[in-house]
Amino acid sequence: MTTFHSLYLLISREFLIAFRQRHEALNPILFFVLVCLLFPLGIGPSPQLLNAIAPGIIWAAALLAILMSLGNVFRTEYEDGTLELMVLANQPLIVLTLIKLLAHWLLNVFPLILLAPLIASALGMSFDVQLTLIVSLLLGTPVLLLVGATVATLTLVIPQNGMLLALLVLPLYVPVLIFGTSAVNATAIGMSAAGPFYVLAALCVLSLTLSPFAIVAAIKTGVSQ
Amino acid sequence: MSEFLYMGGYAFHVWTSYALAFVVLFINIVGPIVRHRKMLQSASDFQQLNEVMSDDA
Amino acid sequence: MMKWIHTMASSAWFYRFSGKMIPWLMAIFTVLFVYGLYGGLVTAPADYQQGDAFRIIYIHVPAAWMSLFIYIVMAVYAFIALVWRIKLAEVLLISSAPIGAAFTFLALVTGSLWGKPMWGTWWSWDARLTSELLLLFLYWGVIGLYAAIEDKRTASRAVSILTLIGVVNIPIIHYSVEWWNTLHQGSSVTLTDKPSMPIEMLMPLLVMATAFKVFYAISLLLRTRSELVEREPNSKWLKQVIEENEHE
């Protein structure tokens with residue numbers, strides 16, 4: 001069994017599970033849209049105001065949607081014992097982890113990024129700013145997912161970990177949020193978004209290289225309990 | 001002396017800051033000392049209990 | 001060398017060593033603290049623009065320096081605990097967190113008290129204040145996560161990983177005044193350049209900073225001792241200590 005074949009099996013397993021719970025797959029998307037909807041309804045439809053805060057709204061909504069989805073990252077596997085099997089399997093745990101997170105991102109986060117331009121237009125964002133928005137989300141959401149998954153795996157052993165997870169993860173999310181929105185805001189006022197993009201890219205690469213190891217360490221600790 | 005306390009009009013800000021510093025430092029010394037005594041006491045009880053239990057066995 | 005490290009890492013040795021160190025550290029701290037207070041409140045001349053309100057600096061800046069310093073030290077402990085699995089490093093890590101949180105809190109509140117007369121506002125969402133507030137949440141997160149997990153060794157591993165993830169925030173805080181145009185003042189004291197402050201103003205600041213570091217050592221040793229006792233109630237060294245205490 002080649003590595004690629006087993007990777008393919010793993011990803012298709014994730015997609016199959018998601019497909020069997022289609023109604024749940026819609027949850028992040030619905031949440032994202034609803035949160036974005038709250039702001040024009042709550043603040044009033046003034047186009048200039050909405051245009052000014054649109055990057056923040058979309059980024060915050062995406063961040064919250066990812067936060068909500070973190071609870072599921074390894075939860076079901078932990079509870080039914082699959083996680084122990086994964087630790088004992090032939091495949092290196094890092095690979096399994098990365099595949100799982102890739103599938104999670106594709107299923108839970110990528111649809112949000114596809115929807116973001118639609119919502120951005122509804123909030124009055126111009127096209128080139130939307131482009132920056134998409135790139136910032138593409139760079140930033142992996143960081144959010146990886147860091148969030150690390151903390152979620154650390155709290156796996158705690159039964160009701162929802163609130164604690166959110167509190168632990170928020171200070172780590174804020175820098176990503178700030179850089180993401182400042183990239184979009186820079187384009188909105190006509191300046192270059194290169195600075196924030198470089199930082200986001202650096203954070204993305206940093207989290208991609210380091211968090212899998214942290215997640216594996218956390219999984220092994222949680223499983224050995 | 002009263003000029004010293006008055007701090008050029010900023011008495012509230014300056015003295016509250018210094019008072020808070022005192023409180024923080026105080027809590028971080030006294031708190032651990034009290035906890036240490038409690039822990040020693042409960043460890044001592046725990047050991048006595050262990051001895052009693054193993055004597056009965 | 002390894003034998004020396006392993007001796008130092010043993011709870012028994014650490015307990016006795018810290019017991020002897022604490023009185024000396026208390027004496028050093030008292031001297032430095034009194035000297036710093038006198039220098040800051042009496043000797044230092046009032047600032048040209050800010051008047052006597054600037055004296056808050058002698059609490060605010062050392063507290064802020066400590067909030068960063070302690071987190072970095074915690075990150076070092078976390079690294080040692082994860083790589084070499086030394087239990088004492090785990091205990092030092094979790095004992096440092098409340099002290100760091102206390103200093104961060106002190107820095108934020110004294111900053112608020114200083115900001116009101118100087119900038120006209122108790123709070124602003126500029127980069128340095130916001131990232132310092134995030135640091136407070138990071139400390140609380142470490143304390144909360146450790147408290148939430150029942151098994152202490154698992155809790156320590158989890159907290160070590162969390163600390164290392166959060167260490168990214170430290171450069172952000174430090175360089176925030178350079179990267180963003182902020183309300184907060186830029187650095188007047190650096191390691192390399194000449195300070196932009198006269199020596200009568202600078203000296204109490206450095207003395208207070210050292211005093212706070214000594215204080216951190218005292219509080220850390222005290223807390224570590226209680227945590228060691230709590231973790232190893234049945235150990236031989238503790239039995240000896242309790243017997244010695246009873247003989248006194």
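**Exercise 1. The contact between chains A and C**

How many residues does the contact take from chain A and from chain C?

*Solution.* Start with the ground rules. This is a predicted model, in which local features need pLDDT of at least 70, side-chain atom pairs count only at pLDDT 80 or more, and totals for chains, interfaces and linings use all residues. Residues are numbered from 1 along each chain as its sequence is written, and chains are lettered from A and ligands numbered from 1 in the order in which they are written.

Step 1. Apply the contact rule: two residues are in contact if their C-beta atoms, placed from the backbone, lie within 7 Å. Chain A gives 20 residues and chain C gives 18 residues.

Step 2. Assign the chain A side to elements. Helices (H or I, at least four residues) and strands (E, at least two) are DSSP runs, numbered from the N terminus. Helix H8 (127-154), helix H9 (162-188) and helix H10 (194-223) of chain A each give two or more residues to the side that touches chain C. H9(A) supplies the largest share, eight residues.

Step 3. Sort by class. Ala, Val, Leu, Ile, Met, Phe, Trp, Tyr, Cys and Pro count as nonpolar, Asp, Glu, Lys and Arg as charged, and the others, Gly among them, as polar. The side of chain A that touches chain C has 16 nonpolar, four polar and no charged residues.

**Exercise 2. The other chain pairs**

Which chains share the most contacts? Find the residues that chain C and chain B give to their contact.

*Solution.* Step 1. Two pairs of chains are in contact, and chains B and C share the most contacts. No contact joins chain A and chain B; their closest C-alpha atoms lie 24 Å apart.

Step 1. The contact of chains B and C takes 30 residues from chain C and 25 residues from chain B. On the chain C side, H4, helix H8 (199-231) and H9 of chain C each give two or more residues.

Step 2. By class, that side of chain C has 18 nonpolar, five polar and seven charged residues.

**Exercise 3. Two helix pairs**

At what angle do helix H7 (residues 93-122) of chain A and H10(A) pack?

*Solution.* Step 1. Axes are lines fitted to C-alpha atoms, for helices over the stretch in contact, and angles run from 0 to 180 degrees between N-to-C directions. H7(A) and H10(A) pack at about 110 degrees, with their axes 9 Å apart.

Step 1. Name the arrangement. Angles under 35 degrees count as roughly parallel, over 145 as roughly antiparallel, 65 to 115 as roughly perpendicular and the rest as oblique. H7(A) is therefore roughly perpendicular to H10(A).

Step 2. List the residues. Leu93(A), Ile94(A), Thr97(A) and Leu98(A) of H7(A) meet Pro212(A), Ile215(A), Val216(A) and Ile219(A) of H10(A). This contact has seven nonpolar, one polar and no charged residues.

Step 3. Now cross between chains. The axes of helix H2 (residues 11-56) of chain B and helix H9 (residues 236-247) of chain C come within 11 Å and cross at roughly 110 degrees. H2(B) and H9(C) are thus roughly perpendicular to each other.

Step 4. Leu40(B), Ala43(B), Ser44(B) and Gln47(B) of H2(B) contact Leu238(C), Lys239(C) and Ile242(C) of H9(C). The classes are four nonpolar, two polar and one charged.

**Exercise 4. Arg85(C)**

Where is Arg85(C) found, and does it count as buried or exposed?

*Solution.* Step 1. Arg85(C) sits in the loop between helix H3 (57-84) and helix H4 (87-119) of chain C.

Step 1. A residue is buried if 20 or more other C-beta atoms lie within 10 Å of its own, exposed if 12 or fewer, and partly exposed in between, with C-beta atoms placed from the backbone. Arg85(C) counts as exposed because it has 12 C-beta neighbours inside 10 Å.

Step 2. Check the backbone. Phi of Arg85(C) is near 55 degrees, a positive value in a residue other than glycine.

**Exercise 5. Chain A and chain B**

What radius of gyration does each chain have, beside that of a compact globule?

*Solution.* Step 1. The radius of gyration is taken over C-alpha atoms; the globule rule is 2.2 Å times the number of residues to the power 0.38. For the 225 residues of chain A the rule gives near 17 Å, and chain A has 18 Å, which agrees. For 57 residues the rule gives near 10 Å, but chain B has 23 Å.

Step 1. Chain A fills roughly 55 × 35 × 35 Å; chain B spans about 75 × 15 × 10 Å.

Step 2. Buried residues make up 40% of chain A and 18% of chain B. Chain A has 10 helices and zero strands, while chain B has two helices and zero strands.
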